[in-house]
Amino acid sequence: MKAIVLSRRSHREYDEIISLYTYDNGRVEVLAKGNKKIVSKQSPFLEPFSIIECAIIPGREIDHLAKTQSVEYFPRIRQDEFKSRAGIWAATLTRALTPEHVPDKHIFFALKNWLEFLEKIDNASPIILDAFAIVLMRLLGFIPQLEECVICHKEFKIIAHDFLANENKLEPGIYYAGGGLVCGQCRLLKQNIGEEIAVLGLQELSALSLLVKGDWRLIVDFEIEKSESIRLHEVVYKFVLYHSEVPLRNWGFLFTMSELASRMVT
Ligand SMILES: [Zn+2]
């Protein structure tokens, strides 16, 4: 069956536990016997975010991986340190957020398409990983509501209009417990009673709605200031954390990495 490698970790002296997102069975954890021996033929194919063709043999405690063949290794992602870290993180997110043994072909294709896109582009920025996180959340049933204020139901268009026309600007926000957008007035009301809300400008909200639509191409070309994309990233990270309820490290370090990379180019 076709599978995407999500992670690998040592098990006993020579074995490894491989986490896979399979086309047929969703996320599974399998044992790769003798994988760490230098002679092992399948080992190079089992790097995170590789696509493989394999057989899974039922075992007593854990299923075994067999007959592994490489389908796609993504050499251009691996040559680039930033892209390679982003690829590993997309795999890590998929492993952390998806339930075991629940097949979802949309998730399989979302990760595969995202990796194929990352392989092709030259101008990868950290926002592309936030885009993947939001798509994954959407497929898992968590969609941030952005069309209107989740409290007073004022439409986004009107919120944007009021914001631009008004002298005392009240920025809208994202209300995690409420599931999405809040207008400036509702944001203040909720913040006054201690609710957790991220303040977001209009540009960041437009970027967030692009992320929700999941078009990687548009996201890469979207004009957004670095400080705005970092604020946006924090919102995406907290949104994922709020709904997933799993301990998940912040992948914001990618912003520092891409900064280093661009400095080296100029
Ligand atoms: Zn409101």
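## The loop at Glu-13 and the overall chain

Glu-13 sits in the loop that joins β1 and β2. The model discussed here is a predicted one. Glu-13 counts as exposed because it has 8 C-beta neighbours inside 10 Å, and the limit for an exposed residue is 12 or fewer. Between the C-alpha atoms of Glu-13 and Leu-188 there is a separation of 57 Å, the two residues being 175 residues apart along the chain.

Along its principal axes, the C-alpha trace spans about 70 × 45 × 25 Å. The protein chain contains 10 helices and 8 strands. Of its 266 residues, 33% count as buried. Among the contacts with a separation of 6 or more, 62% are accounted for by residues 24 or more positions apart.

Strand β1 (residues 2-11) pairs with strand β2 (residues 15-22) in the antiparallel sense, over 8 bridges. Within this pairing, Val-5 has Leu-20 of β2 as its bridge partner. The hairpin of β1 and β2 has 3 residues between the strands, and there Arg-12 takes a positive phi near 55°.

β2 also pairs with strand β3 (residues 26-32), again in the antiparallel sense, over 7 bridges. Here the bridge partner of Ser-19 is Glu-29 in β3. β2 and β3 likewise form a hairpin, with 3 residues between them.

## Residues with positive phi

| Residue | Phi | Location |
|---|---|---|
| Arg-12 | positive, near 55° | hairpin of β1 and β2 |
| Lys-67 | positive, about 50° | strand β5 (residues 64-72) |
| Gly-194 | positive, near 90° | following α6 |

Lys-67 is not a glycine, yet its phi is positive. This residue is exposed, with 11 other C-beta atoms within 10 Å. Phe-74 counts as partly exposed because it has 18 C-beta neighbours inside 10 Å, whereas a buried residue needs 20 or more.

The protein chain is divided into domain 1 (2-124) and domain 2 (156-265). Their C-alpha centres lie 31 Å apart. In the contact between them, 10 residues of domain 1 meet 10 residues of domain 2. On the side of domain 1 that touches domain 2, the elements giving two or more residues are α2 (81-97) and α3 (105-120). The largest share of that side, 6 residues, is supplied by α2. By type, the residues on this side of domain 1 divide into 8 nonpolar, 1 polar and 1 charged.

## The nonpolar core

Which residues touch the most other members of the largest nonpolar core? They are Ile-4, Ala-90, Ile-128 and Phe-132, in a core of 64 residues. Helix α4 (residues 127-139) gives the most to this core, with 10 residues. Domain 1 (2-124) and domain 2 (156-265) both contribute residues to the core, so it lies between them. In soluble globular proteins, nonpolar side chains tend to be buried together.

The surroundings of Ile-4 can be listed in detail. Leaving out residues up to four places away in sequence, Ile-4 touches Leu-20, Tyr-21, Phe-49, Ile-51, Phe-108, Leu-111 and Lys-112.

## Helix α6 and its cover

Which residues of helix α6 are buried? In this helix (residues 184-192), the buried residues are Gly-184, Cys-186 and Arg-187. Seen down the axis of α6, the buried residues fall within an arc of 160°, so they line one face of the helix. The elements covering these residues include α5 (156-165), β6 (173-175), β7 (180-182) and β8 (197-199). After α6 comes Gly-194, with its positive phi near 90°.

Terms used:
Residues are numbered from 1 along each chain as its sequence is written. This is a predicted model: local features need pLDDT of at least 70, side-chain atom pairs count only at pLDDT 80 or more; totals for chains, interfaces and linings use all residues. Helices (H or I, at least four residues) and strands (E, at least two) are DSSP runs, numbered from the N terminus. The arc is that of the directions from the helix axis to the C-beta atoms. Two residues are in contact if their C-beta atoms, placed from the backbone, lie within 7 Å. Two strands pair if DSSP finds at least two bridges between them. A nonpolar core is a set of buried Ala, Val, Leu, Ile, Met, Phe, Trp, Tyr and Cys residues joined through C-beta atoms within 7 Å. Domain bounds come from an automatic or database domain assignment. Ala, Val, Leu, Ile, Met, Phe, Trp, Tyr, Cys and Pro count as nonpolar, Asp, Glu, Lys and Arg as charged, and the others, Gly among them, as polar.
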